[in-house]
Amino acid sequence: NIFPQKIVLVLDTTYFNDFGVMVFRDANTRKNLLWFTVSHETNEKYRDGILELMHDGFEITAIVADGKPGLSKLFPEIPFQMCHFHQMQRVTQLISKKPKLFAGKEFRSIILLLPRTDRASFEYFLDKWHQKWREFLAEKTIGTDGKSRFTHDRIRRAYFSVKRNLPLLFTFEKHFPEIKIPNTTNTIESFFSHWEDKMAIHRGMSRDMRLRVIARLVFL
């Protein structure tokens, strides 16, 4: 057990076919503090967990999680760091790992810098890219229904996703060295990978048995 103390809280949820497991983990000790089974990931459930940890005496100095809408606003007084991996994953979902358009190739090269650079440099390259491709992003096409749509909608969405989340992507930089905040949820992702490997050995178990195995593994 971890006694109440200052923690940097990492949040995430993983799924096992018919249910999900939401985990609250301390980045410093790399220990899981709390977990819930959920049908799906909700901000309300994350709020419940955070409040429970606060009630137990933990002082949460920062939160690290994905960019689920509204999650960063649950506790505005607590610094919130959006996971770089999740932001990069969103961009990849929109423009792929191998974009065909030159604008997409350039944008991907910038997003790959995210975990390895500071905010000033990243923002500089992002703004320079936008200046170069502003007119390209504004292009519209008339569809068969007569309505106009952005021609390059997916790369537009990728850019505005990064631009919108920019204030959350470098929280770790703003609070260093007073608070050591990781810029990814990797501590919990690696735990999930190990967990899923263990669970795979016991395929075919009933839900109750799977929950018992999870209960044993989660606090190891």
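Colleague: Which residue in S2 does Thr-14 stand opposite?

Modeller: Thr-14 stands opposite Val-21 in S2, and these two strands, S1 (residues 6-16) and S2 (residues 19-26), pair in the antiparallel sense over eight bridges. By pairing I mean that DSSP finds at least two bridges between the two strands. Strands here are DSSP runs of E with at least two residues and helices are runs of H or I with at least four, numbered from the N terminus. This is a predicted model, where local features need pLDDT of at least 70 and side-chain atom pairs count only at pLDDT 80 or more, while totals for chains, interfaces and linings use all residues. Residues are numbered from 1 along each chain as its sequence is written, and side-chain values use heavy atoms, with hydrogens and water left out.

Colleague: What does Asn-17 do in the hairpin of S1 and S2?

Modeller: Asn-17 takes a positive phi near 60° in that hairpin, which has two residues between its strands.

Colleague: Which other strand pairs with S1, and in what sense, parallel or antiparallel?

Modeller: S1 also pairs with S4, in the parallel sense and over five bridges, with Val-8 standing opposite Ala-62 in S4.

Colleague: And is S1 mostly covered or exposed?

Modeller: S1 is mostly covered, since nine of its eleven residues are buried, where buried means under 20% relative accessible area, exposed means over 50% and partly exposed lies in between, with a 1.4 Å probe and protein chains only. Across the protein, buried residues make up 47% of the 220 residues.

Colleague: What is the order of strands in the open sheet?

Modeller: The order is S3-S2-S1-S4-S5, which gives an open sheet of five strands with mixed pairing. At its edges are S3 (31-38) and S5 (80-82), each of which pairs on one side only, and neighbouring strands are turned by 25° against each other on average, with direction ignored.

Colleague: How many bridges do S4 and S5 pair over?

Modeller: S4 (residues 59-65) and S5 pair over three bridges in the parallel sense, and Ile-63 stands opposite Phe-80 in S5 there.

Colleague: At what angle do H2 and H5 pack?

Modeller: H2 (residues 84-95) packs against H5 at an angle of about 170°, with the axes 9 Å apart; the axes are lines fitted to C-alpha atoms over the stretch in contact, and angles run from 0 to 180 degrees between N-to-C directions. That angle makes H2 roughly antiparallel to H5, because angles over 145 degrees count as roughly antiparallel, under 35 as roughly parallel, 65 to 115 as roughly perpendicular and the rest as oblique.

Colleague: Which residues make that contact of H2 and H5?

Modeller: Taking contact as heavy atoms within 4.5 Å, the residues include Val-91 and Leu-94 of H2 and Ile-155, Ala-158 and Val-162 of H5. The residues of this contact divide into seven nonpolar, five polar and three charged, with Ala, Val, Leu, Ile, Met, Phe, Trp, Tyr, Cys and Pro counted as nonpolar, Asp, Glu, Lys and Arg as charged, and the others, Gly among them, as polar.

Colleague: Where do H4 and H5 stand, how do their axes cross?

Modeller: The axes of H4 (residues 119-138) and H5 (residues 153-169) come within 11 Å and cross at roughly 150°, which makes H4 roughly antiparallel to H5 as well. Among the residues in this contact are Phe-122, Leu-126 and Trp-129 of H4 and Ile-155, Tyr-159 and Val-162 of H5, and the contact divides into eleven nonpolar, one polar and five charged residues.

Colleague: What about phi of Arg-30?

Modeller: Phi of Arg-30 is near 55°, a positive value in a residue other than glycine. Arg-30 lies in the loop between S2 and S3 and counts as exposed at 59% relative accessibility.

Colleague: And what phi does Ser-96 have?

Modeller: Ser-96 has a positive phi of about 75° although it is not a glycine. Ser-96 is found in the loop between H2 and H3 (102-111), and at 31% relative accessibility Ser-96 counts as partly exposed.
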